[in-house]
Structures are given as C-alpha cells and as structure tokens.
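Student: I would like to learn how to read the features of a protein model. Please take them one at a time, with the general idea before the case.

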Amino acid sequence: MTPMDKPNRLLLLSELRVRDTAYNVSLSRSLLTWKRRASSPVYHPFRPMSYVERCQQHRWRCAAVTFTCPDGGLCQSWVGAIAEQLAAITSRPRRLLIYINPYGGKRQGGRVYEQKVAPLFAQAAISTHVIVTEHANHARDHLRTDAELKKYDGVVCVGGDGMFSEIVHGLIWRTQMDSSLDPNSPDETLTSCSLRIGIIPAGSTDCICFATVGTNDPVTSALHIIVGDSQPMDVCSIHHNNTFLRYSVSLLGYGFYGDVLTDSERKRWMGPVRYDFSGLKMFLTHHYYEGTVSYLPARGVVGTPRDAARCRSGCVVCQHNGPKPSERAEKYETDDCGNDGDWRTIRGKFLAINAASMSCACPRSPKGLSPAAHLADGTTDLILVRKCSRFDFLRHLLRHTNKEDQFDLNFVEVHRVVRFRFMPRHCQSDSDLELDLLENGKRQIFGQICRDHPACGCAPAYSSWNCDGEILTHTAIDVRVHCRLIKLFARGIEEPQVFEDLTNPCAI
Ligand SMILES: Nc1ncnc2c1ncn2[C@@H]1O[C@H](COP(=O)(O)OP(=O)(O)OP(=O)(O)O)[C@@H](O)[C@H]1O
C-alpha cells in the first residue's frame with residue numbers, strides 16, 4: 001500500500017491467535033493488520049503467511065506469521081478473502097527479465113541474486129528469465145533489439161549504476177523505436193516506457209537505488225519488486241547538433257565533477273579510493289571553464305530548489321507538477337516552440353555546472369547535490385558555481401555535508417529548469433568571440449589563444465560532462481527533461497514515521 005492510498009474498505013475483521021496471544025486481525029483491499037488483544041481459547045491453525053516487515057533505515061525483511069482460529073468456517077473465510085485480494089492485485093509482477101553483471105562492484109552479483117533474491121522470487125511465484133551479461137552493453141543491446149518484452153512485466157538489473165544506465169538506455173530506445181519516434185531529435189516528445197525497472201544493488205556505486213529506496217540492500221529491493229511498487233522518474237535526453245548522446249537520470253556535471261570522473265577513470269587500479277584522490281586533486285587544481293549556459297525555467301510548478309521540502313514517497317510536488325496524461329502533449333508543445341523570450345542566457349567562467357535531476361544523495365553525501373530536487377516533477381536543478389577562490393569553493397563543497405545551504409553563496413546560483421544548453425567558449429562562433437573582445441579587451445583573446453595551446457601548461461579550455469558516471473564525448477550539449485519517462489519498482493524514500501512504528505505489523 002502506498003501512503004497516499006485512502007483507508008480501504010474493511011473486508012474482514014475478527015479475533016485470531018498467533019501462538020498464545022490473541023490479535024484483532026483486519027483485512028482491507030490491500031492491507032492486512034493485526035493488533036494484540038486479550039487472550040481467548042482453542043484455535044485452528046492457518047498455513048504460515050509471508051509478509052513484509054519494515055526494519056530500521058528503510059530496510060525491509062520477509063517475515064512469516066501463522067494465525068489460528070477457533071472456528072473452521074471463519075478460518076476458510078479468511079483464507080478465501082486473502083487469496084481473493086492477492087489475486088486482485090494487478091500491480092505485482094508475474095514474469096521478470098533479469099540481467100546480472102557478474103563483474104559489477106565486488107563481483108558478487110551472481111551470488112547475491114542466487115542466495116538472496118531468487119528464493120524470494122520463487123516464494124512469490126514470479127517466473128524469471130535470467131541473462132548473465134558477457135560484455136559491456138550486452139543488456140542494453142539485447143533490450144534494444146532481441147528481448148521479447150511482451151512476455152514480461154518488468155526488467156531487473158543486478159549491478160550498479162552503470163548496469164542500471166544500460167537498462168534505461170535499452171528500454172527507452174526500444175520504446176521509441178516501437179512508437180516510430182526519432183531519438184536523434186531533441187524536440188521529439190518521447191513515449192514513456194511501460195515496463196518497470198528493478199534494481200538489485202550489487203555495484204560499487206548504487207546511487208539510484210539509494211535515492212529511490214533509501215537503502216542499498218538486495219533483499220529490500222527484491223521485496224519492493226515483489227509487492228509491485230511503482231515510482232515514476234524523469235529522464236534527461238542529451239543531444240549534440242541533433243545527434244543523440246545519452247540519457248541521464250541523476251547528475252550531469254561539467255567542470256569539477258567532469259574532471260573528477262575523467263581523472264578517476266585513469267586510476268581505476270586504485271579502487272573506490274580513487275574518487276577521494278581525484279576529488280582532492282581537482283579541488284587543488286582549481287580549473288575554471290568559460291562558456292554560455294542558456295536555460296528554459298520551469299513554469300507553473302510548485303517548489304523551488306531551495307525549499308526545505310524533500311522528495312519522499314507520495315511526494316505532493318511530483319504529483320502536482322507531473323503532467324496529467326491529457327496535458328502532456330500540450331505542455332511539451334508549448335515548451336518546444338520555446339517561446340524564445342523565455343530562454344535565459346548566462347555567460348561566464350564556471351568552476352562547475354551541474355544539473356541534478358534528483359537530490360543525488362548517497363551514503364557519502366546524505367543531503368545530495370540538490371537536496372530539494374524531485375524524482376518525477378519534470379524538472380532538473382541547474383546549479384552554476386562561478387569562478388571563486390579555493391577557500392570559497394571549499395565552503396560550498398563542505399556545505400553539502402552540513403546543515404548550511406550550499407546555494408546561499410554569491411558565486412552560486414540554482415535554477416529549476418525544463419531544458420538547457422551549454423556552449424563552451426572555444427566552440428563559440430567567431431562573431432561571439434569578437435563580441436567578447438569588444439566587451440573585455442585584448443587580454444581576453446590572448447588568454448584564449450594561450451588556453452588552446454597545450455605547451456603553455458596553463459588551464460585547459462574545456463572540461464568533460466560527467467553523465468551519471470560516464471564521460472560524454474561532446475561538451476556543447478542540449479539537455480531536455482522528459483517527465484516520468486521511466487518507472488521503477490520502488491516507492492521513493494518513506495518518511496521515518498511510516499516504518500518506525502513497528503508495534504502494529506502489517507502485510508504490504
Ligand atoms: N559482463 C560484463 N563484462 C564487462 N563489463 C560489463 C559486463 N556487464 C556489464 N558491464 C559493464 O560494467 C559497468 C559497471 O557495472 P556496474 O554498474 O554493474 O558496476 P559498478 O561496480 O557499480 O560500476 P562502476 O565501476 O562504474 O562503479 C557497466 O557500465 C556495464 O556496462
């Protein structure tokens with residue numbers, strides 16, 4: 001049951017026992033609850049029943065309970081009513097296509113699946129088709145062309161964020177092909193994928209799982225799949241000159257985060273510590289990059305990147321801002337015409353340009369890059385960190401780990417947008433550069449020549465984009481948010497009060 005569901009109509013209520021203790025047990029359409037009460041005599045046993053138990057820190061566990069009942073007829077009513085309600089739930093998957101990356105993280109994907117997940121799927125009577133990937137992009141390419149998607153209710157990846165990205169790319173591409181849409185056109189309104197995606201975390205980075213479930217635990221993820229949860233998610237498409245480059249669901253980062261990724265990729269041999277090493281190195285290097293950012297601000301939405309509201313299970317901001325099906329085409333048409341007047345342009349020198357389509361919270365940075373960003377509101381938070389001193393940049397970075405607002409600094413700005421473009425200065429047309437010369441004087445153009453000349457050893461002219469942990473091949477990009485393009489077997493992070501009251505168990 002999701003927290004937004006209205007209290008359901010009561011279908012059955014009676015006193016049953018669990019061992020020697022009497023409980024008031026109630027069944028509604030999707031919820032079975034049992035509450036302790038005074039004891040009473042002689043009971044007929046039911047078969048043990050499995051249910052989901054909420055544990056600490058958003059973890060779920062499978063538990064079993066056996067009720068006993070004094071009256072054979074009542075016992076049959078209960079068994080019949082529960083079976084009927086279970087059969088009526090159509091959101092639970094029956095058939096899943098599963099891809100396992102045997103080399104993700106600590107290379108435990110196969111073992112994690114066999115030992116922790118497969119027994120739960122079997123218990124829930126879910127049939128599975130398992131493919132152990134043989135090379136990078138195996139899952140993506142299989143989904144694009146060969147997979148018989150009609151046979152399944154969902155696709156599951158066992159691996160890290162890279163594996164999830166493969167599934168996203170394969171599924172979105174296939175859906176657009178099946179709808180005769182051109183993924184190379186940045187103005188195309190894409191068709192949402194009908195199959196939900198499950199993530200069994202088994203990588204070294206499992207940020208998407210953490211951001212949508214609240215924990216990186218294979219059993220919890222498997223249970224969210226089994227109960228048939230659904231969490232819509234926005235996806236950004238990234239194009240360069242009308243050529244599709246990639247999709248992004250979490251962070252697009254140019255400058256600091258692009259450089260950290262590029263440097264850390266060269267140091268894979270160091271293991272996970274490479275991110276700290278490269279982070280420190282790029283902080284000390286302190287490169288800035290010149291370019292032009294233009295963006296379309298999100299209109300008619302509730303929420304701003306600086307509110308205290310967090311995107312949680314049943315998020316009202318996502319519900320309000322997500323398009324109603326009838327409005328979807330209309331909304332994008334308006335955005336596409338672009339109303340050029342609405343585009344805003346900022347030229348400058350930036351230490352970092354980040355677009356966060358979700359908070360990007362992870363165990364290392366619990367607040368994330370944009371704490372109030374939403375999973376499914378059709379926007380991304382564009383964060384511009386202008387050139388500043390190392391000390392100021394450090395202040396900004398440190399604020400990601402404490403209670404202070406990382407955007408409350410005069411060299412940082414944040415905008416909630418539906419589309420943006422970036423053009424690095426070295427790609428700007430001659431007329432643009434001439435304009436800069438007129439504006440800023442000759443020193444500027446000599447600076448540019450110097451930067452283009454590697455022998456100088458001075459700061460490079462351009463960085464790379466870090467797109468959800470992959471390096472993009474182009475720096476000039478056009479990014480557009482597609483509201484709720486995919487769905488996950490998740491429900492968003494639950495508020496603590498939902499799972500901290502463990503006194504009344506319930507079957508979800
Ligand atoms: N059989 C395979 N052999 C080699 N690479 C694979 C295979 N299957 C998938 N991959 C690739 O491995 C990459 C990393 O996988 P994954 O995301 O599962 O693990 P990870 O440890 O979190 O990754 P990262 O090293 O990026 O942190 C993915 O980008 C995926 O394309």
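This is a predicted model: local features need pLDDT of at least 70, side-chain atom pairs count only at pLDDT 80 or more; totals for chains, interfaces and linings use all residues.

Student: How many helices and strands does the protein chain have?

Tutor: Helices (H or I, at least four residues) and strands (E, at least two) are DSSP runs, numbered from the N terminus. By that rule the protein chain has 14 helices and 22 strands.

Student: What share of the residues of the protein chain counts as buried?

Tutor: A residue is buried if 20 or more other C-beta atoms lie within 10 Å of its own, exposed if 12 or fewer, and partly exposed in between, with C-beta atoms placed from the backbone. Here 39% of the 508 residues count as buried.

Student: Which residues does the annotation "domain: DAGKc" cover?

Tutor: UniProt positions are given in the numbering used here, feature names are shortened, and annotations may be inferred rather than shown by experiment. The UniProt record, an unreviewed entry, places "domain: DAGKc" at residues 91-242. Over that stretch the chain is 38% helix and 22% strand, with the end C-alpha atoms 38 Å apart.

Student: Which strands pair with β10?

Tutor: Two strands pair if DSSP finds at least two bridges between them. Strand β8 (residues 95-100) runs parallel to β10 and is joined to it by five bridges, with L96 bridged to G154. β11 also pairs with β10 in the parallel sense, over six bridges, and there G159 has P201 as its partner.

Student: Is β10 covered or open on its faces?

Tutor: In a regular strand the side chains alternate between the two faces of the sheet. In strand β10 (residues 154-159), six of its six residues are buried. G154, V156 and V158 lie on one side, V155, C157 and G159 on the other, and both faces are covered.

Student: What does an antiparallel case look like?

Tutor: Strand β15 (residues 289-297) is joined to strand β16 (residues 344-356) by seven antiparallel bridges, and Y295 stands opposite R344. β15 also pairs with strand β18 (residues 412-424), antiparallel and over seven bridges; V293 has F422 as its bridge partner there.

Student: Which residues touch the most other members of the largest nonpolar core?

Tutor: In soluble globular proteins, nonpolar side chains tend to be buried together. A nonpolar core is a set of buried Ala, Val, Leu, Ile, Met, Phe, Trp, Tyr and Cys residues joined through C-beta atoms within 7 Å. The largest one has 102 residues, of which V158, I167, L171 and I486 touch the most other members. Strand β21 (residues 477-488) gives the most to this core, seven residues. A second, separate core of seven residues includes L16, Y23, V25 and F67.

Student: Which residues does L171 contact, leaving aside its neighbours within four places in sequence?

Tutor: L171 is in contact with L143, V155, C193, L195, I197 and I486.

Student: How many residues surround the ligand?

Tutor: A residue is near a molecule if its C-beta atom, placed from the backbone, lies within 6 Å of it. The ligand is surrounded by 21 residues, the closest being G104, G159, G160, G162 and G203. Helix α4 (residues 161-178) supplies the largest share of this shell, four residues. Ala, Val, Leu, Ile, Met, Phe, Trp, Tyr, Cys and Pro count as nonpolar, Asp, Glu, Lys and Arg as charged, and the others, Gly among them, as polar. On that basis the shell has four nonpolar, 14 polar and three charged residues.

Student: Where does a positive phi occur in a residue other than glycine?

Tutor: Most residues other than glycine have a negative phi. N242 has a positive phi of about 60 degrees and lies in the loop between β12 (231-240) and β13 (243-248). H286, with phi near 55 degrees, is found in the loop between α8 (273-285) and β15.

Student: Why does N242 count as exposed?

Tutor: N242 counts as exposed because it has 11 C-beta neighbours inside 10 Å. H286 has 14 such neighbours and therefore counts as partly exposed.

Key
Residues are numbered from 1 along each chain as its sequence is written. Two residues are in contact if their C-beta atoms, placed from the backbone, lie within 7 Å.
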